[in-house]
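Hi,

Here is the model I promised to pass along. Have a look at it first, and my notes follow below.

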Amino acid sequence: MSASAAAKRLVPLFDRVLIKKFEAISKTKGGIVIPEKAQGKVLQGTVVAVGPGVRLQDGSFAPVAVNVGEKVLLPEYGGTKVEVEENAEYHLFRESDILAKVE
């Protein structure tokens with residue numbers, strides 16, 4: 001199942017954003033395997049699905065600032081791990097937790 005199929009099964013509510021984090025580098029260009037403990041935390045990911053936004057007092061929604069397919073910078077801690085399918089981890093973040101867009 002592709003990331004888009006996973007997004008169809010899981011639709012975030014309000015200002016939440018579903019993100020697939022980038023893979024950690026586990027091998028150098030020279031072929032040396034990096035132990036799991038020595039690998040750095042992955043702080044970037046791709047937006048897979050977004051909610052409609054935060055609800056305003058008049059009942060309308062303020063749209064989310066990120067769109068599906070954009071690359072974003074994430075905080076070191078936070079978010080909720082979600083397993084939509086085997087061997088694929090996604091994370092739910094609030095829009096306000098996302099640090100920046102990466103261009």
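In which strand does His91 lie? His91 is in strand E7, where strands (E, at least two residues) and helices (H or I, at least four residues) are DSSP runs numbered from the N terminus.

First, some housekeeping. This is a predicted model, in which local features need pLDDT of at least 70 and side-chain atom pairs count only at pLDDT 80 or more, while totals for chains, interfaces and linings use all residues. Residues are numbered from 1 along each chain as its sequence is written, and side-chain values use heavy atoms, with hydrogens and water left out.

**Overall layout**

The protein has 1 helix and 8 strands, and from the N terminus on the order is α-β-β-β-β-β-β-β-β. Of its 103 residues, 25% count as buried; buried means under 20% relative accessible area, exposed means over 50%, and partly exposed is in between (1.4 Å probe, protein chains only). The protein exposes about 7100 Å², with carbon and sulfur atoms supplying 54% of that (Shrake-Rupley method, 1.4 Å probe; for residues, only the protein chains shown count as cover). As for contacts (heavy atoms within 4.5 Å), take those with a separation of 6 or more: residues 24 or more positions apart account for 65% of them.

**The sheet**

Six strands form an open sheet in the order E6-E7-E1-E2-E5-E8, with antiparallel pairing. Two strands pair if DSSP finds at least two bridges between them. The edges are strand E6 (80–85) and strand E8 (100–102), each pairing on one side only. On average, neighbouring strands of this sheet are turned by 45 degrees against each other, direction ignored (axes are lines fitted to C-alpha atoms, and angles run from 0 to 180 degrees between N-to-C directions).

Going across from the E6 side, E6 and strand E7 (residues 88–94) run antiparallel and are joined by 5 bridges; Val82 has Tyr90 in E7 as its bridge partner. E7 and E1 also pair in the antiparallel sense, over 4 bridges, and here Val17 stands opposite Phe93. Then 5 bridges join E1 to strand E2 (residues 44–50), again antiparallel, with Thr46 in E2 as the bridge partner of Lys20.

**The cores**

The largest nonpolar core has 9 residues: Val17, Ile19, Val47, Val64, Val66, Val72, Leu74, Phe93 and Ile98. By nonpolar core I mean a set of buried Ala, Val, Leu, Ile, Met, Phe, Trp, Tyr and Cys residues joined through side-chain atoms within 4.5 Å. Apart from it lies another core, of 7 residues, among them Leu18, Ala49, Val82 and Ala88.

Val66, from the 9-residue core, touches Val17, Val47, Val50, Val72, Ile98 and Lys101, not counting residues up to four places away in sequence.

Leu10 is in the loop between H1 and E1 and is partly exposed at 25% relative accessibility. Leaving out residues up to four places away in sequence, Leu10 touches Leu18, Ala49, Val82 and Val84. Leu10 and Val50 are 40 residues apart in sequence, and their C-alpha atoms are 9.8 Å apart in space.

Setting aside residues up to four places away in sequence, His91 touches Val17, Leu18, Ile19, Lys21, Thr80 and Lys81.

Is Asp15 buried or exposed? Asp15 counts as buried, because its relative accessibility is 11%. Its place is in the loop between helix H1 (3–9) and strand E1 (16–21). The side chains of Asp15 and Arg94 are joined by a polar contact of 3.0 Å (a pair of N or O atoms within 3.5 Å; within protein, one must be able to donate a hydrogen and the other to accept it, and residues adjacent in sequence count only if both atoms are side-chain atoms). Neighbours within four places aside, Asp15 is in contact with Gly53, Val54, Val64, Phe93, Arg94 and Glu95.

Phe14 sits in that loop between H1 and E1 as well. Most residues other than glycine have a negative phi. Phe14 has a positive phi of about 50 degrees although it is not a glycine, and its relative accessible area of 36% makes it partly exposed.

Lastly, Gly78 is in the loop between strand E5 (71–73) and E6 and is partly exposed at 48% relative accessibility. Gly78 and Leu92 are 14 residues apart along the chain, with 9.0 Å between their C-alpha atoms.

Cheers
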